[in-house]
Amino acid sequence: MSRAAGLSRPSRPATEESRSIRLGEQDLDYVLRRSPRRSFALQVDRRGVRVAVPWPATQPEIDRFIRSHHDWLLGKLAARVPAAAMAVEDGALFPLLGETCRLRLAGGVRSARWRLGADGVEELVLPDGGGARKALIRALRARALPWYGERVAEFCFRLGHAVPPVRLSSARTRWGSCSSRSGIRLHWRLIHLPPALIDYVVAHEVAHLAEMNHSPRFWAVVGALYPDWNAARVRLRDAGRALPVIDGADAALLAED
């Protein structure tokens, strides 16, 4: 989740660039992300290696940080198994709001519709033919937005704050963001997760409406809105890594505060 903008002095936008470092007998390519964060972070996922650092970090400091995790990093890379994309076919199962949902492809169907299967499992019916993968994504996004809007409204009511615009996000490593100018954005893939975890992300972003930072005051607001936030934050990291790969560009998501 991202830091919010809207302070009296606009924050410097984060940047990303490709870098390389020599580790042992091999060159390691990685993506370097600079932002207002205070600590260094190292991430390995299906896209490769990503290093997040504060703006003032120097290249020698970054190199030392990466080399200090040499064994862990190479072990992670060696153990990494490319995730196969979800088969978008009749009968395929995928998570929806923490429950199992079944995909049905049917002839004569013009648009996506949701229904309850004979066995009590919710089903998403899509037209049979080309473009089923894109149709699945469109259907999930359409399901997600009104759900998120209701939850944002609920937490804004608890906070005593006006409800801002709510939009969907497709960010690679951010579950959500909040801006005093554009409102709240929530990743459409949160729709896979249990409602309690979605509520944590919503509470986090709504709390930014009161505190546009990650200060102790901010976390106090989060705690008032969502008392079990710390445990949810940990669960969210694991849940992000278990999401189905629907699109080839999908990558493991991490809740990043």
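**Exercise 1.** Determine which elements the buried residues of helix H1 pack against, and where these residues lie on the helix.

*Solution.* Step 1. The buried residues of H1 pack against strands E1 (15-23), E2 (26-35), E3 (41-45) and E4 (48-54) and against helix H2 (70-79); contact means heavy atoms within 4.5 Å. Helices (H or I, at least four residues) and strands (E, at least two) are DSSP runs, numbered from the N terminus. The model is predicted: local features need pLDDT of at least 70, side-chain atom pairs count only at pLDDT 80 or more, and totals for chains, interfaces and linings use all residues. Residues are numbered from 1 along each chain as its sequence is written, and side-chain values use heavy atoms, with hydrogens and water left out.

Step 1. In H1 (residues 59-68), Ile-62, Asp-63, Phe-65 and Ile-66 are buried (under 20% relative accessible area; exposed is over 50%, partly exposed in between; 1.4 Å probe, protein chains only). Viewed down the axis of H1, the buried residues fall within an arc of 160 degrees, so they line one face of the helix; the arc is that of the directions from the helix axis to the C-beta atoms.

Step 2. Arg-64 and Ser-68 are exposed, on the face of H1 turned away from its buried side.
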